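Here is a short tour of a few local features, written for someone who likes cut-offs spelled out. Have the viewer ready and follow along.

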Amino acid sequence: MDSFVSVASPDEIAAVSAALRSLPNDNSALAALWKIYGAQPVRLLRTQEGRSLSRARYERALEFMHGLEPNGRSDWPYFLYTTGIVTQLALSSHLLDVGFPDSWCARHVGLHVDRSLAYANVTAFGYDCPETERLMQVLSPYWKWNQQNVAGGPLPDDGGFTPDLVRALVCGLVDHVCHVTGHARSRGRAGGRPS
């Protein structure tokens, strides 16, 4: 999946973020992202199927948030890998809701949560949090935090994040997804939010 998408350095990502913030709030920002990431342009079309899939992704994000609880598994790579899963599920909930096809996301976004946040923000997500943006860059692509990838080797740079800060950032992001998409937390899953 990642072989379809060009990889950008942290400096290039920061430059992209700064350039996107300076663009007018119209389709030019989305077109710029397609060009930057070498993605095929796609027509955004909101559908009932996309809305249902969006809701399912949001609910899965809440389920995976249990892995971020303070009494959960304590190894740092697993925590960051789970963080990547939660954030990708949450952000893809927004992308699907605004009309991105799931197959397009799989091919052109993959496991790059920084790209998910960038695409979300140019499609009315409106989440301006520099620390969350920095966390997305540290996590991307989040497969690099999978235990099988870090076993016996050096850990990727974690950006100096702590579990408590990561939990706070992820909770803020997931809450924002809830607000923007209108997906209410179901009673059975309300406990999925780490404390």
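## Arg185

Arg185 is partly exposed, because its relative accessible area is 23% and that term covers values between buried (under 20%) and exposed (over 50%), with a 1.4 Å probe and protein chains only. Arg185 sits in the segment after helix H9 (163–181). Between Arg185 and Asp175 there are 9.3 Å in space, C-alpha to C-alpha, and the two are 10 residues apart in sequence.

This is a predicted model, in which local features need pLDDT of at least 70 and side-chain atom pairs count only at pLDDT 80 or more, while totals for chains, interfaces and linings use all residues. Residues are numbered from 1 along each chain as its sequence is written, and side-chain values use heavy atoms, leaving out hydrogens and water.

Helices here are DSSP runs (H or I, at least four residues), numbered from the N terminus. The expected span is 1.5 Å times one less than the number of residues. For the 17 residues of H3 (residues 48–64) that gives 24 Å, and the end C-alpha atoms are 24 Å apart, which agrees. Buried residues of H3 include Arg57, Tyr58 and Leu62; their cover includes H4, helix H5 (102–108) and H9.

In H4 (residues 76–97), 20 of the 22 residues are buried. Just after H4, Gly99 has a positive phi of about 115 degrees.

## H6 against H7

Helix H6 (residues 113–121) and helix H7 (residues 130–139) pack at about 140 degrees, with axes 7 Å apart. H6 is therefore oblique to H7, as angles under 35 degrees count as roughly parallel, over 145 as roughly antiparallel, 65 to 115 as roughly perpendicular and the rest as oblique.

Key: Helix = DSSP H or I, 4+ residues; strand = E, 2+ residues; numbered from the N terminus. Contact = heavy atoms within 4.5 Å. Axes fitted to C-alpha atoms, helices over the stretch in contact; angles between N-to-C directions.
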